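My notes follow in the order I took them.

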Amino acid sequence: MHLMRAAFQPHKSGKEGGPLADTEAEGGEQEAASALFAGAMGAYNHPAIAP
């Protein structure tokens, strides 16, 4: 998850973000993409145990 957060790090206050962050998207959209991909990787790496 840390790798996804770093890759999709939003661009803030003129500072460069992660290499996969969408430079044309608004800050909130960049945060959402970061959370989406970090969450997806977390769910994949730690699947819920089925009863």
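I took contact to mean heavy atoms within 4.5 Å. I worked on a predicted model, where local features need pLDDT of at least 70, side-chain atom pairs count only at pLDDT 80 or more, and totals for chains, interfaces and linings use all residues. Residues are numbered from 1 along each chain as its sequence is written, and side-chain values use heavy atoms, with hydrogens and water left out.

**Entry: Ala21**

I looked up the surroundings of Ala21 first. Leaving out residues up to four places away in sequence, Ala21 touches Ala7, Phe8, Gln9, His11 and Gln30. Ala21 sits in the loop between α1 (2-7) and α2 (27-45). Helices here are DSSP runs (H or I, at least four residues), numbered from the N terminus. Is Ala21 buried or exposed? Ala21 counts as buried, because its relative accessibility is 11%. The classes are buried under 20% relative accessible area, exposed over 50%, and partly exposed in between (1.4 Å probe, protein chains only).

**Entry: Ser34**

Ser34 belongs to helix α2. I find Ser34 buried, as its relative accessible area is 3%. Beyond four places in sequence, Ser34 touches Arg5 and Phe8.

**Entry: salt bridge**

I searched for side-chain nitrogens of Lys or Arg within 4 Å of a carboxyl oxygen of Asp or Glu, the rule for a salt bridge. How many does that rule give? The count is 1 salt bridge. The side chains of Glu31 and Lys12 form it, at 3.1 Å, N to O. Glu31 is in helix α2 and Lys12 in the loop between α1 and α2, so the pair ties together parts 19 residues apart in sequence. Glu31 is partly exposed, because its relative accessibility is 33%. Lys12 is partly exposed too, with a relative accessible area of 44%.

**Entry: surface patches**

I took patches as residues with over 30% relative accessible area and no salt bridge, joining like charges within 9 Å and nonpolar side chains (Val, Leu, Ile, Met, Phe, Trp, Tyr) within 5 Å. Asp22, Glu24, Glu26 and Glu29 make a surface patch of negative charge. Glu29 lies in helix α2 and is partly exposed at 47% relative accessibility. Met1, Met41 and Tyr44 make a nonpolar surface patch, together with about 370 Å² of accessible area. That area comes from the Shrake-Rupley method with a 1.4 Å probe. Met41 is in helix α2 and is partly exposed, with 32% relative accessible area.

Definitions and conventions
Helices (H or I, at least four residues) and strands (E, at least two) are DSSP runs, numbered from the N terminus. Lys and Arg count as positive and Asp and Glu as negative; His and the chain ends are not counted. The place of a charge is taken as NZ of Lys, CZ of Arg, CG of Asp or CD of Glu.
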